[in-house]
Protein chains: 2
Amino acid sequence: MKSVKAFAPATVANVSCGFDILGFAIDAMGDEVEVRLKDEPGLVVVSIEGDEGRLPYEVEKNTCAVAIQAMLDEMDSQVGMEIYLKKGLPLGSGMGSSAASAVAALVAANRLLGEPFEKKNLLPFAMAAEKVACGAGHADNVAPSLLGGFVLIRDYHPLDVIKLHVPHGLHCTLLHPHFELKTSDSRSVLRDNVSLKHSTIQSGNVAGLVTGLFQEDFELIGRSLRDVIAEPYRATLIPGFYETKEAVKGAGALGMGISGSGPTMFTLSKGEEKSQAIINAAQQVYDSIGLGVDSYHSAINTRGAYILEEK
Amino acid sequence: MKSVKAFAPATVANVSCGFDILGFAIDAMGDEVEVRLKDEPGLVVVSIEGDEGRLPYEVEKNTCAVAIQAMLDEMDSQVGMEIYLKKGLPLGSGMGSSAASAVAALVAANRLLGEPFEKKNLLPFAMAAEKVACGAGHADNVAPSLLGGFVLIRDYHPLDVIKLHVPHGLHCTLLHPHFELKTSDSRSVLRDNVSLKHSTIQSGNVAGLVTGLFQEDFELIGRSLRDVIAEPYRATLIPGFYETKEAVKGAGALGMGISGSGPTMFTLSKGEEKSQAIINAAQQVYDSIGLGVDSYHSAINTRGAYILEEK
């Protein structure tokens, strides 16, 4: 084998009340990375498509290269590889763009090397890439992008990542208004402290959301999609947030939250049928504001990243 | 029918990371209440056994009477009843003593009246009694005592009570050191604010605990039994708390937490076999401190309160 191409899906992190602990993967979009063996040691980023020239080629800054290098370091390997990245995700959108690149690169490189690592054991390498891309080694995008489905990051010390049940028919609609929100800005509006009352409400909703997933109780999932800790602050950075929430709920969404640190918003719904009405409802709101909005809808991706091609 | 006797089980509220939102019922202990029709309107508390004379007979203060009166008020009924309470639970122990009395009274009275209410709809009346007994209408003892199993109180406005899955073989050991802890003291040590970090850790553990219950993953249940919000403060009020925690974990407990507002501690374990070792380990700690400790062990009660006798 000389070359492997892999796909890693977009992800929704935070998931409303699941702030900093939950994430899920969606089928509709993702990044592709091809990795080719080369004779000399060292990594080279050969091409990046679909980023409008914004992503770095330097191997210490490119998330694909950083992730693969972390894996090679762990193996004490000097294997050389060429990296070809094809972005399917918009940057800075809150859909786990950097995570998808790192995960696709790792899954491809791991296969190229004969799979020295089980899939889930690639996670720390992807987190190393997230640290370079986002300043923090969060797992809530990389874990669902790698493993698929709904993923709980229970703890980081040691890392404890648990796949949850995904109800049959759970559908996601993503609404991406046309502006960029820096993760650092979205972080900076958060408070360092929360009231005991809000902390308890958040716990109750997280427990409700997890229960709703396991019991396939869509109404309970909807009732539980309530974030009293991050959303009240972050929503102020997203024009039209509350109007959109009201509109999409009226159109049949179970609930709505901010995807990652925004500005993309996600809704969950029972089945695919309501997606178009949800998209139309959001479109109307953003038409009235005068801001463009891209919309995608998708089933939950339950298999995570996968190999597209090997030769 | 002239008379009905019902049993309501002891309960563990809070459940470590499930502070203020989770509770479960245990088979081993509980209160019995007999309710008899009488010809004249009005409630009378005729006898109370097992309370060492500490519980009030006044119908505005007795939790059995308050609960039944709330039910009668809802029905706009003037039916008269005599109440006979037999305490099986120690007072002020953190095992849901007042809740068990109220729930047993309601279940008996409801049957006596021909079951005008579904079981779960008795909950608001039991909460009215908790408000009189504890100063706050919490549901985290009354809901599991009434319904059995592990119960999530997701929200109070409106009340949203959800039964969780109970893994086969999940066993509880209760350790009740010989001193009384006032709920008000246990409340007063809590802080009004928590750090965002601790709030997130608590959410992660709650999600892990709920997932562990649904997946019957005992190890995950154990890892998730970690309360960073209430326990650090409340544990200081319970002599020997951390030594006991270490000792019972060494003896095979999955984890340990404070039951309700204490001083009783609960442990969870896989199967009944480890209970004696857990009890012995705790006994040794309290022997060394010079404090007595009562121990009980029990399967999780999954059916809640039930009728013992009717005639």
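In which loop of chain A is Pro263(A) found? Pro263(A) sits in the loop that runs between strand 9 (255-258) and strand 10 (265-270) of chain A, where helices (H or I, at least four residues) and strands (E, at least two) are DSSP runs numbered from the N terminus.

This is a predicted model, in which local features need pLDDT of at least 70 and side-chain atom pairs count only at pLDDT 80 or more, while totals for chains, interfaces and linings use all residues. Residues are numbered from 1 along each chain as its sequence is written, chains are lettered from A and ligands numbered from 1 in the order in which they are written, and side-chain values use heavy atoms, with hydrogens and water left out.

View 1. In chain B, the bond from His157(B) to Pro158(B) is cis, with omega near 0°, and Pro158(B) belongs to the loop between strand 5 (150-156) and strand 6 (159-163) of that chain. Glu115(A), a residue other than glycine, has a positive phi near 55°, and Glu115(A) lies in the loop between helix 2 (97-112) and helix 3 (123-134) of chain A.

**View 2. The two domains of chain A.** Chain A is divided into domain 1 (3-165 + 301-310) and domain 2 (170-299), with bounds that come from an automatic or database domain assignment. The C-alpha centres of these two domains lie 24 Å apart, and their contact (heavy atoms within 4.5 Å) takes 29 residues from domain 1 and 35 residues from domain 2. The area buried between them is about 2,500 Å², of which carbon and sulfur atoms give 65%; buried area is the accessible area (1.4 Å probe) that two parts lose on being put together, summed over both. In domain 1, Ser16(A), Cys17(A) and His165(A) lose the most area to domain 2, together 26% of what that side buries.

**View 3. Charged pairs between the domains.** Two salt bridges are counted between domain 1 and domain 2 of chain A, each being a side-chain nitrogen of Lys or Arg within 4 Å of a carboxyl oxygen of Asp or Glu. Asp20(A) forms a salt bridge with Arg187(A), and the closest N and O atoms of this pair are 3.0 Å apart.

**View 4. Where chain A meets chain B.** Here 35 residues of chain A are in contact with 35 residues of chain B, and the two chains bury about 2,700 Å² between them, 61% of it on carbon and sulfur atoms. On the side of chain A, the residues that lose the most area to chain B are Arg154(A), Leu196(A) and Phe214(A), together 23% of what that side buries. The interface of the two chains holds two salt bridges, and Arg223(B) forms a salt bridge with Asp160(A), with the closest N and O atoms 2.7 Å apart. Helix 6 (196-215) is among the elements of chain A that each supply at least two residues to this side, and helix 6 gives the most, with 14 residues.

View 5. Strand 8 of chain A and strand 8 (residues 193-195) of chain B pair in the antiparallel sense over three bridges, where two strands pair if DSSP finds at least two bridges between them. Within this pairing, Val194(A) stands opposite Val194(B) in strand 8 of chain B.
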